[in-house]
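I opened the notebook to jot down what I looked up, one entry at a time. The sequence and structure go in first, then my notes.

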Amino acid sequence: MPATVYKTLVVDALYGAFQLLSGPYLAVVSKSRRVARGPYHAPIFQVEDMKWLPIRRLAARSSSAGDATVALSPEEREEEEM
Amino acid sequence: MSGHRRARVPVVALTPTLTSRSRRARSSWCLPCLLLTLCSYLQLLREISETSSFFYAGGGYDLTNCLQRNDYHAWKASSAGGSGDAAGAEATRSRSGSVSRMAGAGGSSVTSSGSVASSAAADGGHGRHASHHRFDTDACLEAERPAPPVGAVVHRDAGAAAAVDPAHCDERFFWNRRALNAVVAAGPRARGFVTPIMNGFVEAAHCPVAESEVGLLLISRRACTRQGTRFNMRGADAEGNVANYAESEQITTLEDGRLSSFVQVRGSIPVLWEQPVSLKYTPRVLLKGAEAANHAVFGRHMRCQLTRYGAVTAVNLIDKKKDQQRLGEAYEREVAAFGRPELRYVWFDFHAECKNMQWQNLRRLVDLVANDFASYG
């Protein structure tokens with residue numbers, strides 16, 4: 001049994017992927033706050049914090065474990081809604 | 001490459017800073033240095049994403065587009081979907097743009113202002129005579145000017161609203177468009193991961209009016225192109241993008257569900273000019289480029305505005321003296337050369353008209369554009 005400890009990171013949104021000198025990174029919105037209700041009661045969120053995750057390290061780890069290390073939940077922001 | 005100056009670098013002797021020939025010794029010196037560089041770069045990115053946190057996203061609502069465009073896409077989707085409307089309809093709202101709408105004869109008011117001062121030297125560049133057909137291939141012109149028929153009932157499908165179609169987003173305000181390229185390329189399967197993020201400002205307020213609640217929503221969208229600090233970023237670029245362009249939308253919501261949206265845009269004066277900083281309080285304005293180059297740039301900019309917004313009222317707020325006057329006159333010449341009736345131009349010398357804090361004189365400006373506002377609905 002591989003004693004790999006997975007860390008699940010719940011994010012509010014995916015900002016995008018960036019190619020930096022040290023390798024590829026994912027920029028994710030880790031914290032957001034509802035600032036207004038838009039038209040048709042659509043919530044509007046403001047980004048409060050972003051995280052930069054190196055993809056290569058995650059990919060290497062996950063390929064050895066055969067599972068994704070980071071679980072991104074695009075619907076998470078919906079749940080945050082009051 | 002053509003515009004840049006290239007220089008041939010003669011053979012340079014590289015002087016090693018490390019005297020040790022040992023590979024290990026070198027790497028032990030270089031690695032922390034490299035790590036430090038990388039860490040500080042990442043730190044820089046982190047700080048940018050933390051400090052300038054005026055990034056917004058709508059939950060199931062495309063914040064890069066104004067209400068009318070969003071309504072258009074919803075209306076188009078629901079009219080194309082046909083039978084699915086009734087079941088999936090989250091809300092049925094009739095639109096009523098009491099202030100302004102872009103439908104039909106609609107338009108938006110453009111306030112192009114540049115706070116500048118002091119004299120101008122025309123720069124004789126090599127301008128090319130570009131035909132009008134060239135501009136018609138501009139990406140921004142391919143975008144249709146969408147508007148549902150006036151008074152159309154727009155069905156908002158709750159299911160469809162969960163994911164935003166990136167193809168419908170306004171790329172001018174879609175700040176993470178490039179970063180999401182790979183995700184967008186993955187197709188509809190990855191649609192749930194596409195969150196268009198807009199940079200700007202959002203604030204909502206409620207105010208009671210005659211026993212009912214009126215909701216006010218202010219959305220300001222900064223364009224991704226040609227942003228920069230005052231003086232350092234001025235005028236238009238070759239593609240017709242102007243410095244510090246922003247679209248502001250004021251949405252009013254009534255309790256019975258009616259909505260109105262008033263859209264204004266602002267940007268630096270759409271001709272080729274610079275204002276390099278100097279020791280002067282107001283740096284000199286330099287008008288750049290040949291006449292033809294300015295015509296081309298102005299044409300690109302204004303055609304893009306007219307395509308997106310319909311009729312446009314351009315309000316020029318700069319001074320009618322010194323450098324600003326020359327700049328304003330250049331703007332006027334371009335408007336005259338452009339010669340399209342949908343573009344109306346008003347020069348309101350804000351500092352002269354409202355000097356000594358006579359803000360009530362703004363009424364004169366409102367009177368000047370009253371007919372335009374009336375024609376926008």
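How many helices and strands are there in chain B? I looked that up before anything else, keeping in mind that this is a predicted model. Chain B has 12 helices and 12 strands.

**Entry: chain B overall**

I checked burial next. Of the 377 residues in chain B, 34% are buried. Then I looked at how far apart in sequence the contacting residues sit. Taking contacts in chain B with a separation of 6 or more, I found that 75% join residues 24 or more positions apart.

**Entry: one helix in chain B**

I picked out α8(B), which covers residues 291-309. This helix has 19 residues and spans 26 Å from its first C-alpha to its last, close to the 27 Å expected at 1.5 Å a residue. Is α8(B) mostly covered or mostly uncovered? I found it mostly covered, with 14 of its 19 residues buried. Here "buried" needs 20 or more other C-beta atoms within 10 Å of the residue's own.

**Entry: chain A overall**

I moved on to chain A, which has 2 helices and 3 strands. I read the order off from the N terminus and got β-β-β-α-α. Chain A has 82 residues, and 26% of them count as buried. For contacts in chain A between residues at least 6 apart in sequence, 43% join residues at least 24 apart.

**Entry: where the chains touch**

I wanted to see which strands pair between the two chains. Strand β3 of chain A, residues 43-54, pairs with β1(B). The pairing is antiparallel and runs over 3 bridges. Which residue stands opposite Q46(A)? I found Y56(B), which belongs to β1(B).

Methods. Residues numbered from 1 in each chain as written. Chains lettered and ligands numbered in written order. Predicted model: local features only at pLDDT ≥ 70, side-chain atom pairs only at ≥ 80, totals over all residues. Pairing = 2+ DSSP bridges. Helix = DSSP H or I, 4+ residues; strand = E, 2+ residues; numbered from the N terminus. Buried ≥ 20, exposed ≤ 12 C-beta atoms within 10 Å, placed from the backbone. Contact = placed C-beta atoms within 7 Å. Expected span 1.5 Å × (residues − 1).
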